[in-house]
Amino acid sequence: MTAKPHRPSGRPGHDVPRPAAVYGGTGLIPLVVCALAVWLAPSGWDTFALNVQLFYGAVIISFLGAAHWGLALAGVGTDGDEQAACSWTRLGWSVAPALVGWVSLIVVPLVGLVMQILAFAAAYAADVRVVHAGLAPPWYPRLRRPLTAVAVIALGAPLLRVIWG
């Protein structure tokens with residue numbers, strides 16, 4: 001089976017590759033399903049759904065940081081300068097989301113949800129910054145913007161449920 005090649009329609013390098021869009025979009029399914037379950041599932045299952053959502057959110061936040069580790073190892077945007085590619089700042093940012101995700105799992109769910117919402121927003125802001133610095137592909141924010149919006153909404157819905165009881 002041969003994959004159909006992606007045909008860019010706009011500026012070269014600015015179109016989101018189809019596989020990234022599909023995998024990114026389907027990656028939101030657990031967040032959205034769990035958000036719905038927090039509101040709609042019977043007592044006990046709603047708490048389970050909230051915990052599943054927090055664990056999945058932590059995994060995705062870790063992944064967002066790991067993407068920057070991969071870009072650093074590949075030397076993206078540094079013309080092969082290993083020192084620039086693997087700077088303290090760049091690699092530090094790549095591990096920070098994993099730590100935030102982990103801490104979001106050991107605090108009360110209300111705080112964990114807020115931490116994850118802020119982490120998704122901060123990761124998007126950092127992604128835009130690194131693209132402007134030439135350290136990530138120009139299409140990356142076009143992929144991340146809608147994914148971040150849905151993730152924040154999906155985490156915000158259970159947050160409202162926790163607040164309102």
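**Entry: T148**

I began with T148, which is buried because its relative accessible area is 7%, and buried here means under 20%, exposed over 50% and partly exposed in between, with a 1.4 Å probe and protein chains only. T148 sits in helix 7; helices (H or I, at least four residues) and strands (E, at least two) are DSSP runs, numbered from the N terminus. Setting aside neighbours within four places in sequence, I find T148 in contact with F120, A121 and Y124, where contact means heavy atoms within 4.5 Å.

**Entry: ground rules**

I am reading a predicted model, in which local features need pLDDT of at least 70 and side-chain atom pairs count only at pLDDT 80 or more, while totals for chains, interfaces and linings use all residues. Residues are numbered from 1 along each chain as its sequence is written, and side-chain values use heavy atoms, with hydrogens and water left out.

**Entry: the whole chain**

I get 7 helices and 0 strands for the chain, in the order α-α-α-α-α-α-α along the sequence. The C-alpha trace spans about 55 × 40 × 25 Å along its principal axes. Of the 165 residues, 34% are buried. I also checked contacts between residues at least 6 apart in sequence: 70% of them join residues at least 24 apart.

**Entry: the core**

Which residues have the most contacts inside the largest nonpolar core? They are L31, L113, F120, Y140, L143 and L155, in a core of 28 residues. Helix 2 (29-40), helix 3, helix 6 and helix 7 each give two or more residues to this core. For my own reference, a nonpolar core is a set of buried Ala, Val, Leu, Ile, Met, Phe, Trp, Tyr and Cys residues joined through side-chain atoms within 4.5 Å. In soluble globular proteins, nonpolar side chains tend to be buried together.

I followed up on L143: beyond its neighbours within four places in sequence, L143 is in contact with V16, A20 and A21.

**Entry: the pockets**

On a 1 Å grid over the protein atoms alone, a pocket is an open set of points where a 1.4 Å probe fits, with protein on both sides within 12 Å along at least five of seven lines, and lining residues have an atom within 4 Å of a point. A volume is the space filled by probe spheres set on the points, which are joined across faces, edges and corners.

The largest pocket holds about 430 Å³ of space. I count 22 residues in its lining, with G24, F63, L64, L143 and L147 nearest the centre. At least two lining residues come from each of helix 1 (18-26), helix 3 (45-74) and helix 7 (140-164). By class, that lining has 18 nonpolar, 3 polar and 1 charged residues; Ala, Val, Leu, Ile, Met, Phe, Trp, Tyr, Cys and Pro count as nonpolar, Asp, Glu, Lys and Arg as charged, and the others, Gly among them, as polar.

The second largest pocket has a volume of about 240 Å³. Its lining includes H68, W93, R90 and R129. Helix 5 (88-104) and helix 6 (109-132) each give two or more residues to that lining, which divides into 6 nonpolar, 3 polar and 2 charged residues.

**Entry: cysteines**

How many disulfides does a search of the whole structure find? It finds 0, a disulfide being a pair of cysteine sulfur atoms within 2.5 Å. C34 is buried at 8% relative accessibility, whereas C86 is partly exposed at 28%.

D46 is in helix 3 and counts as buried because its relative accessibility is 16%. Not counting residues up to four places away in sequence, D46 touches A37, V38, A41 and R161.

D79 is in the loop between helix 3 and helix 4, and at 82% relative accessibility D79 is exposed. I noted that phi of D79 is near 50 degrees, a positive value in a residue other than glycine. Most residues other than glycine have a negative phi.

D81 lies in the loop between helix 3 and helix 4 (82-85) and is partly exposed, at 39%. The C-alpha atoms of D81 and F55, 26 residues apart along the chain, are separated by 36 Å.

G70 lies in helix 3 and is partly exposed, with a relative accessible area of 34%. The C-alpha atoms of G70 and V95, 25 residues apart along the chain, are separated by 11 Å.
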